Amino acid sequence: MIKFTLNGKTVETDAPPTARLLDLIREEFGLIGTKEGCGEGECGACSIFVNNSLQNSCLIPIGAIAGAEIQTIEGLMETEQFKILDESYSECGGVQCGYCIPGMVMASAALLSENPNPTEAEIREGISGNLCRCTGYNMIVDAVKLAAKKGEVECQKK
């Protein structure tokens with residue numbers, strides 16, 4: 001049995017240690033916000049946090065996550081940071097087909113956690129591991145800029 005934390009809850013699995021974490025998340029735990037795009041770690045659709053580090057779940061064997069803390073988009077959705085990102089993506093029209101958006105939001109959250117006031121170049125670099133075929137990225141960049149401004153306001157309120 002492999003035991004780990006998934007979105008704040010301790011879970012375990014008897015899946016083969018060489019199976020992909022992406023498949024476990026979707027099939028065994030029913031968390032379908034994490035998507036498979038390329039299956040090669042190139043598109044970012046399967047982005048998750050492993051011990052607070054943004055990772056591509058399609059590249060991670062289950063055996064490597066024993067004792068780890070995993071957060072998917074469903075776990076992020078429970079946070080204030082997600083609410084700010086969600087509003088910002090919506091206001092800026094950063095969502096079209098929606099397939100890449102869970103991974104984009106995870107990358108945006110990772111960026112803003114490390115750098116709460118990024119420049120446009122830093123935003124573009126921060127989301128560069130995520131491919132979007134619909135928006136052309138400008139609306140997503142605008143959404144991250146807006147989220148950074150809104151996050152500043154939230155921090156000042158505290």
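Mentor: What follows is a set of questions about the terms used for this structure, each answered by setting a value against its definition. This is a predicted model, in which local features need pLDDT of at least 70, side-chain atom pairs count only at pLDDT 80 or more, and totals for chains, interfaces and linings use all residues. Residues are numbered from 1 along each chain as its sequence is written, and side-chain values use heavy atoms, with hydrogens and water left out.

Trainee: Is Cys 46 buried or exposed, and what about Cys 58, buried or exposed?

Mentor: Buried means under 20% relative accessible area, exposed means over 50%, and partly exposed is in between (1.4 Å probe, protein chains only). Cys 46 has 4% relative accessibility and therefore counts as buried, and Cys 58, with 7%, is buried as well.

Trainee: What makes Phe 4 and Phe 29 an aromatic pair, and which kind of pair is it?

Mentor: Rings of Phe, Tyr and Trp (its six-membered ring) pair if their centres lie within 6.5 Å, and planes under 30 degrees apart count as stacked, over 60 as edge-to-face and the rest as tilted. The structure holds 1 aromatic pair: the rings of Phe 4 and Phe 29 are 6.0 Å apart centre to centre, with 85 degrees between the planes, and the pair is edge-to-face. Phe 4 lies in strand β1 and Phe 29 in the loop between α1 and β3, so the pair ties together parts that are 25 residues apart in sequence. Helices (H or I, at least four residues) and strands (E, at least two) are DSSP runs, numbered from the N terminus. Phe 4 is buried at 3%, while Phe 29 is partly exposed at 25%.

Trainee: How do you know that the span of helix α3 agrees with its 13 residues?

Mentor: The expected span of a helix is 1.5 Å times one less than its number of residues, which for α3 (residues 80-92) gives 18 Å, and its end C-alpha atoms are 18 Å apart, so the two agree.

Trainee: Why are the buried residues of α3 said to be on the same side?

Mentor: Phe 82, Ile 84, Leu 85, Ser 88 and Tyr 89 are buried in α3. They cover an arc of only 160 degrees around the axis, which puts them on the same side of α3; the arc is that of the directions from the helix axis to the C-beta atoms. The face turned away from the buried side carries the exposed residues Ser 90 and Glu 91.

Trainee: What makes a group of residues a nonpolar core, and how many residues has the largest one here?

Mentor: A nonpolar core is a set of buried Ala, Val, Leu, Ile, Met, Phe, Trp, Tyr and Cys residues joined through side-chain atoms within 4.5 Å. The largest has 26 residues, and those with the most contacts inside it are Leu 76, Leu 85, Tyr 89, Met 104 and Val 105. Its largest share, 9 residues, comes from α4. A second, separate core of 16 residues includes Phe 4, Leu 24, Leu 31 and Ile 60.
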